[in-house]
Amino acid sequence: LIVDDVVTTGKSITDAIKRVHELGSCVEKVIVLVDREEANGRSNIEKCGVPFEALFTLNQFVSY
């Protein structure tokens, strides 16, 4: 499990997924607090074959 606060491009998370795979382990899921819904962050992470979950999108967070 990888947990992060915010995702924009997903680069730091995809880098972490690749590193975990290089070490011979797997990532079952990525959970973030806020998905900014910018720069294809969600899809970049999902392209690594890892399920993605955001507690809020930026639009939801702002509307609260």
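The questions and answers below concern this predicted model.

Me: In what order do the elements of the protein run from the N terminus on?

Reply: The secondary structure of this protein comprises three helices and three strands. Read from the N terminus on, the order of these elements is β-α-β-α-β-α.

Me: What radius of gyration does the protein have, and what does the globule rule give for 64 residues?

Reply: The C-alpha trace spans about 40 × 20 × 15 Å along its principal axes. For 64 residues the globule rule gives 11 Å, and the value for the protein is close to this, so the protein is as compact as a globular protein of that length. The radius of gyration itself is 12 Å.

Me: What percentage of the 64 residues count as buried?

Reply: The accessible surface of the protein amounts to about 4,200 Å², and carbon and sulfur atoms hold 53% of it. A residue counts as buried under 20% relative accessible area. Of the 64 residues, the share that counts as buried is 25%.

Me: Which residue of strand 2 stands opposite valine 3?

Reply: Strand 1 (residues 2–7) and strand 2 (residues 30–35) run parallel and are joined by five bridges. With helix 1 (residues 11–22) between them in the unit, strand 1 and strand 2 make a right-handed β-α-β unit. The residue of strand 2 opposite valine 3 is isoleucine 31.

Me: What distance separates the C-alpha atoms of alanine 16 and isoleucine 2?

Reply: Alanine 16 has its place in helix 1, and its relative accessible area of 28% makes it partly exposed. Isoleucine 2 is 14 residues away from alanine 16 along the chain. The separation of their C-alpha atoms is 8.2 Å.

Me: Is aspartate 35 buried or exposed?

Reply: Aspartate 35 is a residue of strand 2. Leaving aside neighbours within four places in sequence, aspartate 35 is in contact with Val7, Arg42, Phe52, Ala54, Phe56, Thr57 and Leu58. Its relative accessibility is 5%, so aspartate 35 counts as buried.

Me: Which residues does threonine 57 contact, leaving aside its neighbours within four places in sequence?

Reply: Threonine 57 lies in strand 3 (residues 52–57). With a relative accessibility of 18%, threonine 57 counts as buried. Apart from its neighbours within four places in sequence, its contacts are Val34, Asp35 and Glu37.

Me: Where does alanine 39 lie, and near what value is its phi?

Reply: Alanine 39 is in the loop between strand 2 and helix 2. A relative accessible area of 44% makes alanine 39 partly exposed. Its phi is positive, in a residue other than glycine, and is near 55°.

Me: Is asparagine 40 buried or exposed?

Reply: Asparagine 40 also has its place in the loop between strand 2 and helix 2. Its phi is near 60°, a positive value in a residue other than glycine. With a relative accessible area of 55%, asparagine 40 is exposed.

Me: How many disulfides does the protein have?

Reply: A disulfide requires a pair of cysteine sulfur atoms within 2.5 Å. The sulfur of cysteine 48 has its closest cysteine sulfur, in cysteine 26, at 13 Å, so the two are too far apart for a bond. The count of disulfides is therefore zero.

Methods:
Residues numbered from 1 in each chain as written. Predicted model: local features only at pLDDT ≥ 70, side-chain atom pairs only at ≥ 80, totals over all residues. Heavy atoms only, no water. Pairing = 2+ DSSP bridges. Helix = DSSP H or I, 4+ residues; strand = E, 2+ residues; numbered from the N terminus. Right-handed = clockwise from strand over helix to strand, strands pointing away. Rg over C-alpha atoms; globule rule 2.2 N^0.38 Å. Buried < 20%, exposed > 50% of the residue type's maximum accessible area, 1.4 Å probe, protein only. Areas by Shrake-Rupley, 256 points an atom, 1.4 Å probe, with all protein chains shown as cover. Contact = heavy atoms within 4.5 Å.
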